[in-house]
Each structure stands twice: as structure tokens, then as C-alpha cells.
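Please consider the model shown here.

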Amino acid sequence: MSEQVAETTRAAKSGMGPGSLVHVGEHTDAVVKIRVMDYDHQNLRESALKDFAQCEEYCHSASVTWIDMDGIHDSKLVDEVGKRFNVHILVLEDIMNSESRPKVEFFDDYMFITLKMLELDPKTHSLNVEQLSLIISDKYVLMFQERPGDGFDSIRERIRTSKGKVRSKDGYYLSYLILDTVVDNYIAVSEKLSMQIEALESTVVKRPTEYTLYRILALRKELLDFKRSIDPLKEAVNTITRELDDEIAKYYRDLSDHIIYESENLVMYREMLSNMLDLYHSNLQMKMNQIMKVMTIMTTIFVPLTFLVGVYGMNFEHMPELSTPYGYFVVWGVMLVMVSFMLFFFRRKKWL
């Protein structure tokens with residue numbers, strides 16, 4: 001039996017006041033890792049911190065600061081972040097709730113966005129969902145990840161090597177790069193799901209099994225989780241494009257196009273799975289009909305034979321055929337002729 005992961009649900013917050021900092025999600029005692037990259041066009045400082053108090057020197061930095069925290073379960077740390085950067089308590093509550101719906105909110109001096117990162121497990125083919133929250137201003141980006149490890153090393157390398165525009169842009173451009181990486185991963189996951197669906201479609205047509213039905217239902221659930229993650233993000237990015245300056249909004253509009261495209265692909269995949277499920281049941285019904293047809297034909301063939309042997313199995317003393325020397329062989333010959341005629345008749349009617 002697989003080990004069950006302890007999890008705090010939203011019901012655990014019942015009765016608590018608004019803004020109560022309680023972690024909702026998988027329980028963990030891991031230490032939150034904090035990484036900082038502070039940069040401008042000419043300079044770069046990068047370090048791993050043991051305590052958030054060490055971020056004090058970056059709070060009012062003139063350069064762009066990217067603070068990345070792996071873990072959302074430490075309420076004291078999240079509360080300290082809120083106090084140092086003047087973040088609203090309801091935003092902090094959303095950060096600690098891994099079941100939060102993807103959304104964006106604008107405040108006087110920062111923007112808050114929460115979304116889902118997706119990964120397809122190569123062994124189980126199941127969809128792993130992780131929450132990502134960003135607090136963004138022109139001078140800093142605070143990033144909260146649910147679990148250690150991410151796919152943002154390419155962005156870090158671009159900052160280190162001063163590749164592209166990132167070192168000359170503000171925090172909103174950095175947040176665009178982060179969101180673009182998340183959406184690119186959506187595309188990769190979508191392509192993998194597409195390949196699984198195509199392989200499954202071939203199996204349904206050729207030789208479906210009970211496992212085939214299980215995979216269809218499992219993929220439908222994964223697509224539903226994918227849809228729940230990407231559709232609210234589509235709304236959020238559209239809101240961002242309306243609120244930000246046109247110079248940075250054009251990047252988010254391009255991002256919105258990618259999200260819409262993948263959302264439409266998911267609709268198509270769901271329709272394919274629904275058609276596949278119908279095809280599976282049709283094949284199952286057809287197979288059952290074939291079995292019933294064979295059994296019916298066999299029964300039909302044996303009915304006259306049973307009648308014939310039943311007649312000669314009666315215990316009458318005077319039956320003319322009983323005294324015939326070749327009566328036994330004659331009866332066999334009659335039965336073979338009857339079977340041959342019936343098989344010929346069924347084939348002529350295309351029942352066989």
C-alpha cells in the first residue's frame with residue numbers, strides 16, 4: 001500500500017477570521033530555501049540566504065531584486081515577508097493556500113498573481129500540480145513556490161550572462177519571463193498528453209482492454225485539472241494587458257495568445273477522449289454481439305440435430321429404422337447434410 005501524504009484542507013480554516021495564515025496543502029517540515037538575485041544593467045549579486053532578515057538590504061534597493069522562496073508552509077516567514085514589503089494580509093493568505101484559483105490583483109505599489117505549474121510524471125503519466133505565487137513591482141519580484149525545484153534556471157542564466165533584455169528591464173519584465181516559462185511548460189505537457197491520446201486511440205481501434213478504459217478516464221481527469229489551471233490564468237493575463245503600460249503589455253498579449261491556443265487544444269483533446277470512450281463502448285458492444293451471434297448460430301444448428309436424436313432416443317419397440325443394418329450411418333449422414341445445408345444458408349445470408 002502506498003504511503004498517504006498528510007494534507008491540510010480548506011475545512012481546517014473553518015471559523016478562523018479573514019487573513020488567518022494557515023497553510024492549506026501537503027504537510028511538510030522542510031526548511032524554506034531563500035535565493036536572491038539582485039541586478040541592474042552593470043551589476044549582479046546572487047546569494048542563498050538562511051534567514052529572511054538578510055533580505056533587509058534588498059528591500060529598498062535601486063536595482064531589480066528577485067527573491068525566490070521554496071516553500072509556502074512557514075506562516076512566520078510569510079508574515080515577515082508581508083511586513084517588510086507591506087503586502088496585504090489577504091494576499092499572504094492566498095499565498096499559503098495551495099488550492100487558490102489562479103488570479104491577478106493590483107494594489108497601489110505592487111501586483112499579485114497566483115497560478116499553477118504543471119508537470120507530467122514520466123513513470124505514472126499523472127499530472128503534478130504546484131502553486132506559484134508572485135508579488136511584483138518595478139523593483140522586485142517575490143516568488144513563492146510550493147516545492148523545491150523549478151524550471152527557471154534558464155532565466156537565472158540569462159541574468160548571469162546578461163543575455164537579452166532582462167538586465168535592462170524592470171520586475172514586470174522578469175515576471176513575464178517567469179510566466180512565459182510556465183506557459184512553455186504547459187505547451188510541453190500538452191504535447192505529451194497529445195501523444196498519449198494518439199497512442200490510446202490506436203489501442204481503442206485495434207484491441208481495447210479494461211486498462212484502456214482506465215487510461216481514458218485518467219486522461220479525462222488530467223485534462224480537467226489542466227483546464228482548471230489554464231482558463232483562470234487566461235483571464236488573469238488579459239487583465240494584466242489592460243492594466244500595464246503598452247510597452248510591457250505587448251509581451252503579456254503574446255503570452256495570452258499562447259494560453260488561448262493551449263486552452264483550445266484542451267477542448268479538442270477532451271472531445272477526442274469523449275469520442276474515444278464512445279468508440280470503446282461501441283467496440284465492446286460489437287464484440288458482445290459477435291459472441292451472441294456465434295452462440296445463436298451454434299444453438300440453431302444443434303436444434304434440429306437434437307430433435308433428430310431425440311426422436312430415435314424414444315423407447316418404442318417398433319421403429320422401422322431400428323432394424324435397418326445401416327440405420328446408424330444413415331442418421332449420421334442426414335445430420336451432416338443438415339449441418340452443411342444450414343452453414344451454406346447462413347453464409348449465403350452473410351450471417352457468418
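Predicted model: local features only at pLDDT ≥ 70, side-chain atom pairs only at ≥ 80, totals over all residues.

Residues are numbered from 1 along each chain as its sequence is written, and side-chain values use heavy atoms, with hydrogens and water left out.

The mean pLDDT (the predictor's confidence in each residue, from 0 to 100) is 85 for the protein, and 94% of its residues reach 70 or more. Over residues 1–5 the pLDDT falls below 50, and this stretch has one contact (heavy atoms within 4.5 Å) in the model beyond near neighbours in sequence.

Helix α2, residues 89–96, is mostly covered, with six of its eight residues buried. Here buried means under 20% relative accessible area, exposed over 50%, and partly exposed in between (1.4 Å probe, protein chains only). The buried residues are V91, L92, E93, D94, I95 and M96; they pack against α1, β6, β7, β8 and β9.

The structure holds 22 salt bridges, each a side-chain nitrogen of Lys or Arg within 4 Å of a carboxyl oxygen of Asp or Glu. In one of them, R35 pairs with D68, the closest N and O atoms being 2.7 Å apart. Because R35 lies in strand β3 and D68 in strand β5, the pair ties together parts that are 33 residues apart in sequence. D68 counts as buried at 2% relative accessibility, while R35 is partly exposed at 28%. Both belong to a network of salt bridges that also links D70, D150, D153 and R156.

Another salt bridge joins K83 to D79, with 3.3 Å between the closest N and O atoms. These residues are separated by about one helical turn because they are four residues apart in helix α1.

In helix α6, the side chain of N283 reaches the backbone oxygen of V204 at 2.9 Å. N283 counts as buried, at 18% relative accessibility.

Finally, F329 is found in helix α7 and counts as exposed at 56% relative accessibility.

Key: Helix = DSSP H or I, 4+ residues; strand = E, 2+ residues; numbered from the N terminus. Polar contact = N/O pair within 3.5 Å; in protein donor to acceptor, adjacent residues only side chain to side chain.
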